[in-house]
Amino acid sequence: AQLDSLAASTKEPELINPIAVKATNASEHGGRGASEQKRSSAFAPTPRGTDAPKQDLYEIIAGERRYRAARRLGWKEIACRVYPADTPALETELLSLVENLQRVDLNPIEEAKGFKQLVDPPHKMKQADIAKAVGKSQPVIAKALALLTFPTEIQEFIRRRIISPRHMEVLAQIKPKTRQIALAKQAAAEGWTVKELQRQVGSGEWVAGGKSSTHHPPRTARS
């Protein structure tokens, strides 16, 4: 369904961002890899307006979903940026990571882990540079990375969208982690809105001494 939606949004060639491809040779990829790249090259002709040498094959390094959506629309051509065959693997990995972070179906924890991959070695990108690359603000990147500082039990709630990032901002006020987890479990079990969670924290009961959690099946988060 998401691929259909992407195809519907790219019916005009000028609306689709160029994919990134790397020139390669069939001899570099044997077996299944070679056959996959042949299918790609049949769709991706020699790029226009570049000095790149003609190649039989092009390996998609970013934009696979746009490529598949365009194929679904029956396109014979697609705009692309061509990288030479000797492009360092680190550079192509970076392009692929940034492309993946622009997907709409990532849950908040997947997105946060993707940002962390860009912050950590070997990429060592600054938050401002990540924000520019993925089209988000620097505070959004910082808040996403902050999600990874929570215990794994709470991260699982947000990964499953049982609680939201806004709930997490309120939970950050609670110490220690064990009390934080207990409050998150009750918020998830009782389907608390962010406003209700704020009220519970503001009451001082959780901050001072904690509360025992009543176990109910978790509900979907409400803001």
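This is a predicted model: local features need pLDDT of at least 70, side-chain atom pairs count only at pLDDT 80 or more; totals for chains, interfaces and linings use all residues.

Reader: Which residue in β3 is the bridge partner of Ile19?

Author: That's Cys80 in β3.

Reader: OK, and how many strands does the sheet have, and in what order?

Author: Three strands, ordered β2-β1-β3, in an open sheet with mixed pairing. β2 (57–62) and β3 (80–83) are the edge strands, each pairing on one side only.

Reader: What does the twist average from one strand to the next?

Author: It averages 35 degrees from strand to strand.

Reader: Which strands does helix α3 lie across?

Author: Helix α3 (residues 64–72) lies across β1 and β2, and runs at about 120 degrees to β2. Helix α4 (residues 89–101) also packs on the sheet, where it touches β1, β2 and β3. The direction of α4 makes about 55 degrees with that of β2.

Reader: Which residues make the contact?

Author: From α6 you have Gln127, Ala128, Ile130, Ala131 and Val134, and from α7 there are Gln138, Ile141, Ala142 and Leu145. Sorted by class, the α6 contact with α7 has seven nonpolar and two polar residues, with no charged ones.

Reader: And α8 with α10, are they roughly parallel or roughly perpendicular?

Author: The axes of helix α8 (residues 152–159) and helix α10 (residues 177–190) cross at roughly 25 degrees and come within 9 Å. Angles under 35 degrees count as roughly parallel, so α8 and α10 are roughly parallel to each other.

Reader: What's the handedness of the crossing where α8 passes α10?

Author: α8 passes α10 in a left-handed crossing.

Reader: Which residues of α8 and α10 meet there?

Author: Glu153, Ile154 and Phe157 in α8 meet a set in α10 made up of Gln180, Ile181, Ala184, Lys185 and Ala188. The residues in this contact of α8 with α10 split into five nonpolar, one polar and two charged.

Reader: Great, I'll go and find those on screen!

Notes. Residues are numbered from 1 along each chain as its sequence is written. Side-chain values use heavy atoms; hydrogens and water are left out. Axes are lines fitted to C-alpha atoms, for helices over the stretch in contact, and angles run from 0 to 180 degrees between N-to-C directions. Helices (H or I, at least four residues) and strands (E, at least two) are DSSP runs, numbered from the N terminus. Angles under 35 degrees count as roughly parallel, over 145 as roughly antiparallel, 65 to 115 as roughly perpendicular and the rest as oblique. A crossing is left-handed if the near helix is turned anticlockwise from the far one by less than a right angle, and right-handed if clockwise. Contact means heavy atoms within 4.5 Å. Ala, Val, Leu, Ile, Met, Phe, Trp, Tyr, Cys and Pro count as nonpolar, Asp, Glu, Lys and Arg as charged, and the others, Gly among them, as polar. Two strands pair if DSSP finds at least two bridges between them.
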